[in-house]
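The sequence and the structure come first.

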Amino acid sequence: MAFSLMMALSIAVIAGVGAGLGLEYFFGIVLPLAAVLVFIAGVVWRVIGWARAPVPFSIATTGGQQKSLPWIKPACLDAPYTSVGVIGRMVLEAVTFRSLFRNTAAEMRGEGDEPRLIYWSSKWLWAFGLLFHAAFFLVLFRHFRFFLEPVPFFIPWIENLDGLMQFGVPRFFMSDALLLAAVLFLLLRRLKDPKLRYISLPADYFPLFVLLGIIISGIALRYFAKSDVASIKVLTMGLVTLNPVLPEGVGTTFFVHLTFVSVLLIYLPFSKLMHMAGIFFSPTRNMPCNTRQYRHINPWNPPKKYRTYAEYEDEFREVMAEAGLPLEKQPEEEK
Amino acid sequence: MAKLPSLQELAKSSLPRFPGATLEGVGWMRTKPVFTPGSYCYPAKLETMQKLGMPNPHEWSPEDEDWNLPQGWEKIIHNAFADRLKKYRSLRLFMDICVRCGACADKCHFFLGTGDPKNMPVLRAELLRSVYRKDFTTAGRLLGKVGGSRALDPSVIKEWFSYFYQCTECRRCSLFCPYGIDTAEITMIARELLHEVGLGIHWIMDPVSNCNRTGNHLGIQPQAFKEIVEFLCEDIETITGINITPPFNEKGHEILFITPSGDVFAEPGIYTFMGYLMLFHELGLDYTLSTYASEGGNFGLFTSSEMMKKINAKMYAEAERLGVKWILGGECGHMWRVIHQYMDTVNGPAPKNMVTPVSPITGTKFDYASSTKMIHIAEFTADLIKHDKLNLKPSRNDHLTVTFHDSCNPARAMGMLEEPREVLRAVCNNFVEMPANTIREQTFCCGSGSGLNTEEIMELRMRAGLPRGNALRHVQLKHGVNAMACVCAIDRATLPPLADYWAPGVTVTGLHELVANALVMKGEIPRTMDLRQEDLEYPDEVPDDEAAENAAGSDDRGKAGQEVQDV
């Protein structure tokens, strides 16, 4: 964890100092453009890598009743039989984290002399995981204000909704606070639960710290170290239109924010964060449970090699004849 | 067999512990596996591995420092891993996208029963993933331990052997994983890698070898197979007064019946097998058994995809030779994983003489099996019961309060949840469910699946069976459950010791044992004993009053289906 934290902090320091030393062009233009390029190329490369690997077997995990006899109600979403059912399962998985919603926690407790394993529903990870992803996408959408000109009609709608709990100026966005809370929860959970701490790698902490860096610098930009939004938009529009300009009045905090975002973009394709695309390829979820009705083809199906009945009868012909079992060839014929 | 710890001792030592924990998260890499008697499955015999043509067979023992790995074993593993990454999208994806959220951790019966963190599915996969990072990703190569990667060394192989044989491929973790990462898939491939360097276990490879040669895991030769079945028929005659002579290897029948050989051989499976024979006789079913395809189970599944294919190929080959129209499959767990999700792909399409299964009794066409042309006997019997084709007297099972153990594979690789329950409700009056998160798709493994049902690791099996045993104990105390039904031959072998340990007094029974006990057969003598030849608490009345008996029968039907839902 310490390593990841150091890495994240050094990103902030390097970006802050670098921008201060007059490397604004690098941190404001070169790095973000390179990051977007790496991000797109990296994601495409990873997705192609998965897509090209064959799926030899149809291995859906059935989470409910199969479709069999006509009067038994099948689980259309948990053991989907049709493509529509599979799409439903995938959409709910991606949007509502349906599998995680099942989560339980187990604990061994004694009851008198009897050991007893107790289970209860445990939805914290589901709730904060969902909160994180929802808030993240909301914040991302709001940022389209900086990438599109004119600003699309739905962005003020989102802002209005997000800013309902207004107290003070500038308008307070709930998603900012929720995103921060969710990331902190995910981080603390890793540190607090001994199981999680045991399995967590630097690669698990690092993206959380980078996200924290993005969120904190973003909040600072908006509410504390107020920056010239107009000039920031000049810069971002320059990036989007591939016509980069470096306006005056963009503060150091912004460069730190932008550098964190760039690091995340570069890091993402080579990390576990690729789960965002990977989930759609998961064969235990995206395959229909109709394997006895439709044959699934394995492109590398090896040729059949097995002990044939003829070989079997050759070995056991005598004893089979004695036992009165039917034979293809009678023992006499052999001689 | 070593002495088992007491329940309390076992429960206490099942609490999770985290040796070598550090904040940087790779503390687990520093703990090395230790092999002591009882902690590992015996290695496969050299001769068995040679006969099967397995790569790099050699003598070795887990307790030895040196496992005699073949020359260049690192290269062999690397190439085999690269080959699987090319062949399986699942492997590639599951190596790449795990976020280590830990949702799977306390879903695994091995983790719940041993408290060993490497039995958390996420960490089990990391055992392989750490090598994947080092060998197949740039970041992993550059970052080393900080990137969660590590180089292959003999201790890694030992660790794989230890933990990939502490996974029963039950897929419970895959149900809870937000990305559907399936440890069964990872374990299967890890075991393939181990087999590449000549490491396998006796309890899996011996049955595989037997099955290949004699047609069944137990190595029963054709004449002996026939004899054993005939013995069972004698028992049936004793109990029912009806003489049954099942056909073997005969051509020209409509149906080929294939069930795990364990049911022919050992208690309590034999009672289930007798149940099948009685049901078929009563229906006048046009079927045959086969000594060549006398095994429904497939330990090849626990070896490699090629071995699974090789063992399974006999089913269609025999169906073609005998000219049957379709195959009826008996009660078995992993057998049905193979039939439902693999058979058609690896050995299909079904032979031309086969057609979509149709029940000759009810006329129901099993369209959902129109390609595989094979249905499960629970589906077949549930259909019979729905159409009221069986004369059942569930009161014969009134001395039993039955619960149902969903086997992992029929539950999570097939979705067969209601069919056996429909049958159960019709054949016994007292049916109680175990707690909701231990049944159906959330069912817990018996703890000994995937070829781990071997004696030498009995304590480990009792640990892995802790969640199942505990749930059983719960309903035993709460509802007086004294019988656990299941549709799996491995369960029938492994649950009795588990029940003796966790919930003494509960017997284990197959579904069709209960069916046959309740089945009123034409021309039978009044039943005074069940299939185990134990006296019935509620024996049939002595005859001459058929009308009264029928009335009692219909009464029973009304009572059936009463069920206590336990949440």
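## Chain A

Of the 335 residues in chain A, 33% count as buried. The model is a predicted one. The secondary structure of chain A consists of 15 helices and two strands. Its radius of gyration is 29 Å, well over the 20 Å that the globule rule gives for 335 residues, so chain A is more spread out than a compact globule.

## Chain B

Chain B has 24 helices and nine strands. A compact globule of 567 residues would have a radius of gyration near 24 Å, and the value for chain B, 24 Å, agrees with this. Taken along the principal axes, the box filled by the C-alpha atoms of chain B is roughly 85 × 50 × 40 Å.

Of the 567 residues in chain B, 61% are buried. When contacts in chain B between residues at least 6 apart in sequence are considered, 76% of them join residues at least 24 apart.

## Domains of chain B

Chain B is divided into two parts: domain 1 covers 7–200 and domain 2 covers 216–567. The centres of domain 1 and domain 2 of chain B, taken over C-alpha atoms, are separated by 34 Å. The contact between them takes 23 residues from domain 1 of chain B and 25 residues from domain 2 of chain B.

On the side of domain 1 of chain B that touches domain 2 of chain B, the elements that give two or more residues are α5 (109–114), α9 (172–176) and α10 (183–196) of chain B. The largest share of this side comes from α5(B), with five residues. By class, the side of domain 1 of chain B that touches domain 2 of chain B has eight nonpolar, 10 polar and five charged residues.

## Nonpolar cores

In soluble globular proteins, nonpolar side chains tend to be buried together. The largest nonpolar core here has 237 residues, and B:Met274 and B:Leu424 are those with the most contacts inside it. Leaving out residues up to four places away in sequence, B:Met274 touches B:Leu232, B:Asp235, B:Ile236, B:Ala516 and B:Leu531.

## Contact between chains A and B

The contact takes 89 residues from chain A and 102 residues from chain B. On the side of chain A that touches chain B, at least two residues each are supplied by α1 (2–20), α4 (98–101), β1 (104–111), β2 (114–121), α9 (194–199), α10 (202–224), α13 (275–278) and α14 (309–322) of chain A.

Sorted by class, the side of chain A that touches chain B has 50 nonpolar, 23 polar and 16 charged residues.

## Backbone features

Most residues other than glycine have a negative phi, and most peptide bonds are trans. In chain A, a cis peptide bond joins A:Glu149 and A:Pro150, with omega about 0 degrees. A:Pro150 lies in the loop between α6 (144–147) and α7 (154–162) of chain A. In chain B, a cis peptide bond joins B:Gly348 and B:Pro349, with omega about -10 degrees. The loop that holds B:Pro349 runs between α16 (334–347) and β4 (374–376) of chain B.

B:Asn68, a residue other than glycine, has a positive phi near 55 degrees. B:Asn68 is in the loop between α2 (46–51) and α3 (73–87) of chain B, and it counts as partly exposed because it has 14 C-beta neighbours inside 10 Å. B:Gln533, also a residue other than glycine, has a positive phi near 60 degrees. B:Gln533 is in the loop between α23 (511–518) and α24 (546–559) of chain B. With 11 other C-beta atoms within 10 Å, B:Gln533 is exposed.

Key
Residues numbered from 1 in each chain as written. Chains lettered and ligands numbered in written order. Predicted model: local features only at pLDDT ≥ 70, side-chain atom pairs only at ≥ 80, totals over all residues. Domains from an automatic or database assignment. Contact = placed C-beta atoms within 7 Å. Helix = DSSP H or I, 4+ residues; strand = E, 2+ residues; numbered from the N terminus. Nonpolar A, V, L, I, M, F, W, Y, C, P; charged D, E, K, R; others polar. Rg over C-alpha atoms; globule rule 2.2 N^0.38 Å. Buried ≥ 20, exposed ≤ 12 C-beta atoms within 10 Å, placed from the backbone. Core = buried A, V, L, I, M, F, W, Y, C linked by C-beta atoms within 7 Å.
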